[in-house]
Amino acid sequence: MGPLFKKIGFCTDFSENADQAFIVATNLAVRFGASIEIIHVTTNLALFPPVHATYMTVEYDPNFIEEITQAALKSIQEKYVEKLPEGLPYEVNLRSGYAATEIIRVVEEKEIDLLVMGSHGLTGIAHVLFGSTADRVVRRAACSVLTVRFNSK
Amino acid sequence: MERFLIALDCQPDCVKTIDYMVRVLKGTQDCEFKIFHILATASPDKLRLEEVQRIEHVHAARPDLAGYFWEKEDEKTMERCFAQAMEKLVIGGFRPESVLFLFAVQSGDVAEIIMAKAAELGCSTIVLGRRRHSLVKALLRGSVSASVVKSARGSAVWVIEI
C-alpha cells in the first residue's frame, strides 16, 4: 500500500481561517512525506466587475490584473512559502476565475489526494461573493477535503 | 485529546471511512472516536407488533428517540457496521475504550443532527464519507457533507472520498 497522501492541496483566500488551514496542511505534508500545492484563485474581473475593490484599492487600469497577480504572489511568498519547513516540496498555483471551479481543476490536473482549506474565509460582501467556496468544492472535488474551523483563541 | 465524530451511513463500503482515518491517525494515542449513525424512520403501522413493543422498550431508556420507529434490519446492518468499525480501529492500534458507538433516528435534517451530536460530545472534528453522485442525483438528494461543511462552525470537517 502506497503513501496515503502524495500531494496535499492548500487553498487560500489569505483569511485567518486559511492561515490555520496552512498549518494543518503543512503538518500533514510533513507527517506523510507529501508535497504541498498552494492554490489561490484571483477573481476574474470579467466575471465579477465590482470585486476588484476587495483586493486592492487601485483604479482599474490595464495593469490591474498584473498588479493583482504580483500582489497575490508576494502574499503567498510571505505568508506561506517562507514559513514552509525546509525541504518540503511545494508548488504555487495561481489561477483566475470562479474559485471553486478553478480549485477543482487544479485538483484534477495535479492529482491532489487531499485538499485542506478554511471553512469560513472572508466576511461581508466578499463572503457573499466567495464564501461558499468550501461547500462547492466538497460537492465536486475528486479527492478528500478537510475544512478547518476558525479558532479565534 | 482529539475527539472525532465519524458519521457512517452503514452502506456496504462505509467502513472505508474508518480505514482512511486509521491510516491518517495511526501511531497517535490521544484520540477518541464517536462512531455515529442515523437510522431511517419507519412507520409503526408497517412493523410487527412485537417489533413495535421492542422499540418502545428502547424508548424507555432513550427518551430522545421516543415517538420514532425504525426497521429491525436497519438496526442489524448498523450493528454489523459498528462491529467492523471496531475491528478496524483495534487492528489499527486504537484502544476499544477510546471508541463509542451511538445512533439517532432521522428526526430532522441529517446534517443538523450530526452537527448537534458533535457539539454535544465536544468533538473537534467531524468525519464523513462521500460518494460521487451524478449532478442530477446530487441536486435532488442534496449533499450532507456539503451542508455540514457550510454550517459547522465549531468543528473541522473531514470529507472522505469513498
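Colleague: Why is B:Leu102 called partly exposed?

Modeller: B:Leu102 has 14 other C-beta atoms within 10 Å. A residue is buried if 20 or more other C-beta atoms lie within 10 Å of its own, exposed if 12 or fewer, and partly exposed in between, with C-beta atoms placed from the backbone. The count of 14 falls in between, so B:Leu102 is partly exposed.

Colleague: What kind of model is this, and how are residues and chains labelled?

Modeller: This is a predicted model, in which local features need pLDDT of at least 70, side-chain atom pairs count only at pLDDT 80 or more, and totals for chains, interfaces and linings use all residues. Residues are numbered from 1 along each chain as its sequence is written, while chains are lettered from A and ligands numbered from 1 in the order in which they are written.

Colleague: What is the mean pLDDT of chain B?

Modeller: The mean is 92, and 94% of the residues of chain B reach 70 or more. The scale, the predictor's confidence in each residue, runs from 0 to 100.

Colleague: Which residues are in contact with B:Leu102, leaving aside neighbours within four places in sequence?

Modeller: They are B:Lys34, B:Phe36 and B:Lys117. Contact means that the C-beta atoms of two residues, placed from the backbone, lie within 7 Å. B:Lys34 is 68 residues from B:Leu102 along the chain, and their C-alpha atoms are separated by 7.0 Å.

Colleague: What makes the span of helix α1 of chain A close to the expected one?

Modeller: Helices (H or I, at least four residues) and strands (E, at least two) are DSSP runs, numbered from the N terminus. The expected span is 1.5 Å times one less than the number of residues. With 17 residues, α1(A) is expected to span 24 Å and reaches 25 Å from its first C-alpha to its last. Among its buried residues are A:Phe22 and A:Ala25, and the cover over the buried residues includes β1, β2, β4 and β5 of chain A.

Colleague: How do you know that β5 of chain A pairs with β5(B)?

Modeller: Two strands pair if DSSP finds at least two bridges between them. Here 3 bridges join the strands, which run antiparallel, so they pair. One of the bridges has A:Thr147 and B:Val157 as partners.

Colleague: How many residues of chain B are in contact with chain A?

Modeller: 18 residues of chain B are in contact with 14 residues of chain A. β5(B) supplies the largest share of that side of chain B, 6 residues.
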